[in-house]
Amino acid sequence: MDMSLRARMRDGDAGAFEALFEEMARPVFSHAFRLTGDWSAAEDVLSLTFLEAWRLRHRIDPDGGSLRPWVLGIATNVARNLRRAARRYADALARMPRGHPIPDFTDDIIGRIDAAEQLAAIRQAYGSLRRQEQEVFALCVWSGLDHAEAAQALGVAVGTVRSRLSRARKKLEKLAAERQQDPGWRQVKGDHRFVREENR
Amino acid sequence: MNEGERAALAGLLPFEAEPRLPDGRHRQLKEFVMSEIRTPVERPRKRLLRPALLAPALALGVAVAVGVPAFFGSGTPAYAVSKNADGTLTITINQAKDPKSLEATLRGMGVNAVVDYIPMGKRCSPQPRSTSFLSREEAQNPADGRPFLIWPPDTDEPGFRIDPAAIKPGQTGVLEFSVSEDEQTAGIWANISNGPVAPCALVDSDEAPLGPPPGWDD
């Protein structure tokens, strides 16, 4: 993303905004889906993130680097406060075209079913992390931001990003070790439900 | 953060399948977002108001007008309600003057709804007008999940499109239209209430004209 696009976006240039959507819609959707675990919620987060980006465009520093951390930061906030964001844009969301599970996307649906079981196991482990750890993990590991960019996205210190990531890593490593020892019934931490792990 | 560190972390949660929107849906959501940012909150909708636009749509058999249009002086119907082949209704408002006539027409078609026109600088009091509005997920046709308010209308005919089947027995649809000084509709807010809906008393306001204020159900 060049500086002029940043400046044009700040000035309310719809063409620059469209370019930003083209560049960032896919990473925003992936990020939103991983945070929410819900296809429809992720679509809402995607739309609301760009409506928020437009509303907050005056906050863009025209001389900064990539807008990626800024946009992913908005997406993180929207996913965290989806109900609040949905209320702000209730009128717009009422106009948002809803997705239909129509067979135009057959390949994609099959792909999603294949991924569903894998997804469930990952979500269990991911769900054992605290929300702040989840957000840092998603931004740094899955969305590829570095520590400084994640700190910018979340509005926290770089050291905070490092410590959250470190805690997340320790928890996930411990969980992986536990899983190896006990592949049967187990309790998912922080979730008070017993989850059956299938033996394959 | 170096790539080795990232790869080690990624290996702890091996999310291999990248969740990805189908291209068609990507395009649809992009068009929605671009349309929203290009739309001022109070959008004059004059292009929707030319009665001439109605005629070609009818000629194509897209819709059958069954509502009784109310006429004002000039012979132009103040509004019209058309029933589409899929059971949805298209409401066209040419002159936003008498919401209760439109409401009566809708009730005559079996749609239990209240209709109010909100002039610039006003809003309804009280807001929210019901303590039991449905969530967006609930305000939809139970058979096919179509939302109560279908936006954009996706029909050749201009106007506002609703699915009356979203209103279940005992529920009331609420339609609030914001209206500009020249009696043209500028926006719509629609929801469904489980319980009673308070009548709309217009009060002066510099807030958003339609629907409950942000944060009302905190």
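At roughly what angle do the axes of helix α2 (residues 14-36) of chain A and helix α8 (residues 131-142) of chain A cross? I looked this up and found roughly 145°, with the axes coming within 10 Å. Axes here are lines fitted to C-alpha atoms, for helices over the stretch in contact, and angles run from 0 to 180 degrees between N-to-C directions.

**Ground rules.** I am working with a predicted model, where local features need pLDDT of at least 70, side-chain atom pairs count only at pLDDT 80 or more, and totals for chains, interfaces and linings use all residues. Residues are numbered from 1 along each chain as its sequence is written, while chains are lettered from A and ligands numbered from 1 in the order in which they are written.

I noted the residues that touch (C-beta atoms, placed from the backbone, within 7 Å). α2(A) brings A:S30, A:H31, A:R34 and A:L35, and α8(A) brings A:Q134, A:A138 and A:W142. By class, I have three nonpolar, three polar and one charged. (Ala, Val, Leu, Ile, Met, Phe, Trp, Tyr, Cys and Pro count as nonpolar, Asp, Glu, Lys and Arg as charged, and the others, Gly among them, as polar.)

**Chain B overall.** I found four helices and 11 strands in chain B; these are DSSP runs, helices being H or I with at least four residues and strands E with at least two, numbered from the N terminus.

**Where the chains meet.** Chain A puts 47 residues into the contact and chain B puts in 39. On the chain B side, α1 (3-12), α2 (23-37) and β10 (185-193) each give two or more residues, and α2(B) gives the most, with 11. I sorted that side into 24 nonpolar, six polar and nine charged residues.

**One glycine.** B:G121 sits in the loop between β5 (113-119) and β6 (122-125) of chain B. Why is B:G121 exposed? B:G121 counts as exposed because it has 12 C-beta neighbours inside 10 Å. Leaving aside neighbours within four places in sequence, B:G121 is in contact with B:D204 and B:S205. I also checked B:D206: its C-alpha atom is 5.8 Å from that of B:G121, though they are 85 residues apart along the chain.

**Confidence.** Chain B averages a pLDDT (the predictor's confidence in each residue, from 0 to 100) of 79. I flagged residues 42-66 of chain B, where pLDDT stays under 50.

Definitions and conventions
Two residues are in contact if their C-beta atoms, placed from the backbone, lie within 7 Å. A residue is buried if 20 or more other C-beta atoms lie within 10 Å of its own, exposed if 12 or fewer, and partly exposed in between; C-beta atoms are placed from the backbone.
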